[in-house]
Structure formats: C-alpha cells, structure tokens
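Trainee: I would like to go through the labels used for this model. Please set each one against its definition.

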Amino acid sequence: MSTDNTEIDGELGTDHSNAIATEPGSSDAEPTVADSDVDAEDSTVVGGLSENVAGALVYLFAPFIAVLFYLLEDRNEFVRFHAAQSIVVFGGFFAVGMGVFMMGFVLEFLPFVGWMLSLAISMLTFLVLAPLGFILWVLLTYKAVTGERYALPVAGEIAERYV
C-alpha cells in the first residue's frame, strides 16, 4: 500500500521534490553547494556568529571577549580588526584607570594633602574618562553592528598592524 505525499505536502506548504540538487550527467546523488551557502559560511565566525554580531560583541564586553575573539578568529579580518581596536582602546582605558588607582593609593600616604590630591586626580580622571569611554563604546558598537570598519585615529592604526 503506497501513499502519495504530494497532497499532504500541498496542505502543509512543503515541497520535497528538489531536496537534493545534483549536477546534470552525474550518476551519483552527491549534493552540490549553492553559492549563497558559500557566502554564508564566509561571513560566519567563532561560534557560528555573523561577523557584525561578533564585531559588536568585542566592544560590548571589551576588552576580555575581544582578546578571546582575536585569538580564536584567524580568517575574518573584520572581526580581527574590531577585536584588536577594542583591545587597544578599552585595554588602554583599563590600564589608565589602574594607573590612576595606584597613583591615588600612593598619594594617600602623603601627610596632610595626600588624600586631597588623590581625590582630585581620581575625580578628574573619572569625569573625563567615563563619558569618553561611554561615547566610544556606543559609537564603536554601532559601527560594528552596521558592518562598517571604522578606525579611530591612533587605535585604528595600531589595530591595522595586528590584523
């Protein structure tokens, strides 16, 4: 007893008649890869993410995910560039912040005015670096999501060397 699945497929809206595409004249049923599948493979990066998403993630969780993506992704220059730029920019912010923290810690040991100098330097650094870091974070994430390879003046040149 055989049944015809074309009625069921028609009701479900599925068509399995062209499930495997073969080259004309070939005797074996080896499937061929369409051009759109090759392009989709080229734009996927670490973990199967698209390059725009991966580029945005290196900024969203900078600089730690950026180091991970930079080390794991070896083919996609878009992701490697954004990862390198994220490491340079936000790694630099992290280093400056740690330096100011250490300097403030040392200044607190000065008698009388040490704590005032420490507080003044810390507040000035916070009032300058926090807004600048937030603006760069939003800008660079947006540029990566839209697929633009946006290079900052100094950090972009450094990142280009390591792509």
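Trainee: Why is Glu 160 called partly exposed?

Mentor: Its relative accessible area is 40%. Buried means under 20%, exposed means over 50%, and partly exposed lies in between, with a 1.4 Å probe and protein chains only. So Glu 160 counts as partly exposed. Keep in mind that this is a predicted model, where local features need pLDDT of at least 70, side-chain atom pairs count only at pLDDT 80 or more, and totals for chains, interfaces and linings use all residues. Residues are numbered from 1 along each chain as its sequence is written, and side-chain values use heavy atoms, with hydrogens and water left out.

Trainee: What makes Arg 149 and Glu 160 a salt bridge?

Mentor: The closest N and O atoms are 3.3 Å apart. A salt bridge needs a side-chain nitrogen of Lys or Arg within 4 Å of a carboxyl oxygen of Asp or Glu. The pair therefore qualifies. Arg 149 sits in the loop between α6 and α7, and Glu 160 in helix α7, so the bridge ties together parts 11 residues apart in sequence. Helices here are DSSP runs (H or I, at least four residues), numbered from the N terminus.

Trainee: What other partner does Arg 149 have?

Mentor: Glu 77, in a salt bridge of 4.0 Å, N to O. Glu 77 belongs to helix α5, 72 residues from Arg 149, so this pair links distant parts of the chain. Shared partners join Glu 77, Arg 149 and Glu 160 into one network.

Trainee: Are Glu 77 and Arg 149 buried, exposed or partly exposed?

Mentor: Both values fall in the middle class: Glu 77 has 49% and Arg 149 has 33%.

Trainee: Why is Lys 143 called buried?

Mentor: Lys 143 has 17% relative accessibility, so it counts as buried. Its salt-bridge partner is Glu 148, with the closest N and O atoms 3.3 Å apart. Glu 148, at 34%, is partly exposed.

Trainee: How many salt bridges does the structure hold?

Mentor: Three.

Trainee: How do you know which residues make the contact of α4 with α5?

Mentor: Contact means heavy atoms within 4.5 Å. Among the contact residues are Phe 69 and Tyr 70 of α4, and Arg 80 and Ser 86 of α5.

Trainee: What classes do the residues of that contact divide into?

Mentor: Eight nonpolar, one polar and one charged. Ala, Val, Leu, Ile, Met, Phe, Trp, Tyr, Cys and Pro count as nonpolar, Asp, Glu, Lys and Arg as charged, and the others, Gly among them, as polar.

Technical notes: Helix = DSSP H or I, 4+ residues; strand = E, 2+ residues; numbered from the N terminus.
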